[in-house]
Amino acid sequence: MASLTTPTAEGTPVRRSLGGKPPAARGRQASRAEAVAGWAFLLPFLTIFLLFIAIPAVFALSTSFTDMTSRDIRNPFAVDFVGFDTFATVLSNPSFHRAIGNTIGFVLLCVPLSIVCGLALALMLDRGIRRLRTFFRAAVYVPVITNIVAAAVIWQYAFSLTGPVNATLEDLGLAGPNWLGDPGWAFTTVVMMGIWRNVGTCMVLFLAGLQAVPEEVYEAAATDGSGRIRTLWSITLPLLRPTTLLVSVLMTVSFLNIFEEPYLLTRGGPLSATESTALWVYDQFAFGNVSSSMAASVILLVFVAIVAIMQFRLLRPKH
């Protein structure tokens, strides 16, 4: 584009474009256009975040300091402010203590087993299995994308008193337990279903971490005479530390908020043996105890945040 040089009052020439704005103005206009485009792309996410996360979170937090029940939902501003009394009531409730204990049990059992099984499957599917590798990867990941309601119906049938699992045990000369009717076995069944649903996610994440490890590292280890166990312990696991942190946090948060498995399999029973904290919150809201359910959800959120921070502190890369 053609341009002119116009002298100023001080005699310093200023170069101007004949057909447009000065370069600085065009740069500011381009920056504004980029900002508008960026906000346009962010607008759907911000709308969903505000409607389904931010506003409900503010409502839950504010409601937890009141005595709201289901009868007050139509007129929420007529409730009384009670401060931390609702939190004290929830924390002193024996059923809430039992739900917290069940949730901690789910985390302590499901998280390590899901991580170990996912890592073992990833190692096998990365280097151990050569044929039908894609098929096995898809088969392990199928439970993650399976409809949870359909899966729960299949599990209820399989682990019923006369289901295929007990029939197989009887063929082997073993007495099949009451998987869903006995408190201990019901808890075990929920744990098994939780692991079954989440091990595919662990496998995929660990597989991505393994494929990011440079091949030259393993070649150097083999040259130095390092065996498989030594290579796994000294090379693979340290290099998978960031992936392990991610998987650990995701699984811990998932099982701290476990709801579908105990709700669909046992409805929290028998004798509240499988009632999780999230299910307790749901039941309290269904019973009309809105403020108690909101206070419990806030307590659960704080607990999840504390556990996640501790995991980041313990498992973050040391460099």
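Buried means under 20% relative accessible area, exposed means over 50%, and partly exposed lies in between, with a 1.4 Å probe and protein chains only. Arg137 has 23% relative accessibility, so Arg137 counts as partly exposed. This is a predicted model, where local features need pLDDT of at least 70 and side-chain atom pairs count only at pLDDT 80 or more, while totals for chains, interfaces and linings use all residues. Residues are numbered from 1 along each chain as its sequence is written, and side-chain values use heavy atoms, with hydrogens and water left out.

Arg137 is found in helix α4, residues 133–145; helices here are DSSP runs (H or I, at least four residues), numbered from the N terminus, as are strands (E, at least two). Contact means heavy atoms within 4.5 Å. Leaving aside neighbours within four places in sequence, Arg137 is in contact with Leu125, Asp126, Met203, Leu207 and Gln211. Phe287 is 150 residues from Arg137 in sequence and 43 Å away in space, C-alpha to C-alpha.

## Helix α10

Let us turn to another helix. Helix α10 covers residues 241–256, 16 residues in total, and reaches 22 Å from its first C-alpha to its last, close to the 22 Å expected at 1.5 Å a residue (the expected span is 1.5 Å times one less than the number of residues). Its buried residues are Thr243, Leu245, Val247, Ser248, Val249, Met251, Thr252, Phe255 and Leu256.

Not counting residues up to four places away in sequence, Ser248 touches Ile115, Gln311 and Leu315. Pro242 also has its place in α10, but at 44% relative accessibility Pro242 counts as partly exposed.

## The nonpolar cores

In soluble globular proteins, nonpolar side chains tend to be buried together. A nonpolar core is a set of buried Ala, Val, Leu, Ile, Met, Phe, Trp, Tyr and Cys residues joined through side-chain atoms within 4.5 Å. The largest one here has 41 residues, and those with the most contacts inside it are Met193, Phe206 and Phe255. Two or more of its residues come from each of α3, α5 (148–158), α7 (183–211), α8, α10, α11 (260–265) and α13. The largest share, 10 residues, is from α7.

Phe255 touches Thr103, Val107, Cys110, Val111, Ser114, Gly194, Ile195 and Asn198, not counting residues up to four places away in sequence. A second, separate core of 11 residues includes Phe87, Phe96, Val298 and Ile299.

On a 1 Å grid over the protein atoms alone, a pocket is an open set of points where a 1.4 Å probe fits, with protein on both sides within 12 Å along at least five of seven lines; lining residues have an atom within 4 Å of a point. Grid points are joined across faces, edges and corners, and a volume is the space filled by probe spheres set on the points. The largest pocket holds about 490 Å³ of space. Of its 15 lining residues, the closest to the centre are Leu123, Arg127, Tyr218, Arg228 and Thr231. At least two lining residues come from each of α3 (94–128), α8 (215–223) and α9 (228–239).

The second largest pocket holds about 320 Å³. Among its 13 lining residues, Ala57, Ala60, Ser297, Val298 and Leu301 are the closest to its centre. The elements giving two or more lining residues are α1 (23–63) and α13 (290–315), and α1 gives the most, with six.
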